[in-house]
Amino acid sequence: MEAPLLDTFGRLHDNLRISVTDKCNIRCFYCMPEEGVKFMPKPEILSFEEMERFVRIAVRLGVRKIRLTGGEPLVRKDLPVLIRKIAAIEGIEDIALTTNAVLLAEQAEGLHDAGLRRLNIHLDTLDRERFRQITRRDDFERVMAGIDAAQRVGFQKLKINVVAVKNLIEPDIVPMARFGRERGIEIRYIEFMPLDSQGLWSRAGVLVQDRIIAMLEREIGPLDEIPDRDPRAPATEYAFRDGIGRVGFVSSVSHPFCLNCNRIRLTSDGKLRYCLFAIDETDVKGLLRDGSSDERIMEVIRETVRAKWIGHEINTAKFVPPPRPMYAIGG
Ligand code: SAM
Ligand code: SF4
């Protein structure tokens with residue numbers, strides 16, 4: 001048994017996010033520019049076999065949870081093949097996927113059959129025209145069909161991610177929570193983070209957790225924070241006091257949770273990152289392709305985790321956004 005992945009602040013890392021592609025089929029303004037995105041050439045992208053090998057090595061270091069993300073993971077051909085490979089690795093306890101759901105109606109059954117059980121769907125609004133403005137694509141109906149299909153094939157604990165951008169998303173906050181209550185889906189409000197590719201982010205542009213809670217309590221009813229949740233989960237969760245439904249908050253700006261972080265990230269072009277906001281990253285693809293041993297790769301994972309900083313500095317003047325935007329890291 002290898003020693004677990006501890007950083008110099010005593011945080012244990014058992015959670016790996018893998019971005020399976022940087023490509024996306026929509027263009028959310030807080031993530032991608034509308035035109036002219038340069039995606040990585042195919043040979044730069046890790047194969048499923050390379051990702052599987054990396055996961056096998058990471059499992060030896062104590063990784064237990066995997067989340068697949070993108071870009072948009074469902075644009076990667078044959079994703080269920082990768083899910084099957086990962087699900088078969090002894091030691092993996094949980095596989096989740098984050099998707100914009102545009103292609104989910106066609107793929108939900110195949111994903112479920114492959115062993116996927118947890119899905120986070122990204123949808124900011126129930127209004128088709130607002131969806132088009134935010135994503136610069138007219139795919140609202142397809143996303144709704146994707147949500148229906150996911151529930152039909154048996155995904156139980158669906159979550160929906162809403163990116164909380166101030167002076168934009170306010171009209172959607174309450175309708176999304178109501179939709180979640182009706183459909184048994186937890187709505188997660190994610191504070192707008194400085195990871196957009198066009199440098200649009202400003203602190204004033206973040207709709208913060210406390211404001212959202214006030215809106216929900218005023219329009220729907222009291223919320224109670226859920227006790228005993230996993231302290232290392234990034235979201236703070238609340239239940240409506242009437243017993244119908246939950247909401248969650250990923251509040252990287254107003255309530256940073258770096259001290260509980262248990263995550264490392266592998267990008268689709270094979271770079272290992274110790275933080276969403278990290279400037280430095282470690283090349284793993286080269287090692288996966290040059291005949292390096294599993295032990296060498298293990299050592300490189302350890303070194304990356306040992307180099308991890310105490311936390312991001314969004315709230316200080318020192319903050320420098322990472323050179324990679326959200327779609328090339330994976331969220
Ligand atoms: N395409 C998939 C999707 O949209 O869910 C997976 C990748 S996307 C980068 C992962 C998550 O990042 C999305 O669910 C979205 O909620 C979130 N996101 C994207 N840009 C963001 C930003 N600038 N600030 C906060 N969250 C953001
Ligand atoms: Fe695509 Fe997801 Fe980024 Fe939206 S947030 S542009 S769906 S990668």
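Tutor: Helices (H or I, at least four residues) and strands (E, at least two) are DSSP runs, numbered from the N terminus. This is a predicted model, in which local features need pLDDT of at least 70 and side-chain atom pairs count only at pLDDT 80 or more, while totals for chains, interfaces and linings use all residues. Residues are numbered from 1 along each chain as its sequence is written, chains are lettered from A and ligands numbered from 1 in the order in which they are written, and side-chain values use heavy atoms, with hydrogens and water left out.

After α4 comes Arg 136, with a positive phi near 55 degrees.

Buried means under 20% relative accessible area, exposed over 50%, and partly exposed in between, with a 1.4 Å probe and protein chains only; the arc is that of the directions from the helix axis to the C-beta atoms. An α-helix has 3.6 residues a turn, so residues three or four places apart point the same way.

Helix α2, residues 79-87, can be read in the same manner. Leu 79, Pro 80, Leu 82, Ile 83 and Ile 86 are its buried residues. Their arc around the axis is only 155 degrees, which puts them on the same side of α2. Their cover includes β1 (15-19), α1 (48-60), β2 (65-69), β3 (94-99) and α3 (104-113).

Now the sheet. The 12 strands form an open sheet of mixed pairing, in the order β7-β8-β9-β6-β5-β4-β3-β2-β1-β10-β11-β12. Each edge strand, β7 (223-225) or β12 (282-283), has a single partner, so one side of each is left without a neighbour in the sheet. Two strands pair if DSSP finds at least two bridges between them. Strands β4 (118-122) and β5 (159-164) are parallel, with 3 bridges, and Asn 120 stands opposite Lys 159 in β5.

Strand β9 (246-250) is largely enclosed by the rest of the structure, because 4 of its 5 residues are buried. It runs parallel to β6 (186-191), joined by 4 bridges, with Tyr 189 opposite Phe 249. It runs antiparallel to β8 (236-240), also over 4 bridges; there Ala 239 has Arg 246 as its bridge partner.

Last, ligand 1. It is surrounded by 18 residues, the closest being Tyr 30, Gly 71, His 122, Asn 161 and Met 193; a residue is near a molecule or strand if one of its heavy atoms lies within 4 Å of it. A polar side-chain atom of Asn 161 is 3.0 Å from a ligand oxygen atom. A polar backbone atom of Tyr 30 lies 2.8 Å from a nitrogen atom of ligand 1.

Definitions and conventions:
A polar contact is a pair of N or O atoms within 3.5 Å; within protein, one must be able to donate a hydrogen and the other to accept it, and residues adjacent in sequence count only if both atoms are side-chain atoms. Contact means heavy atoms within 4.5 Å.
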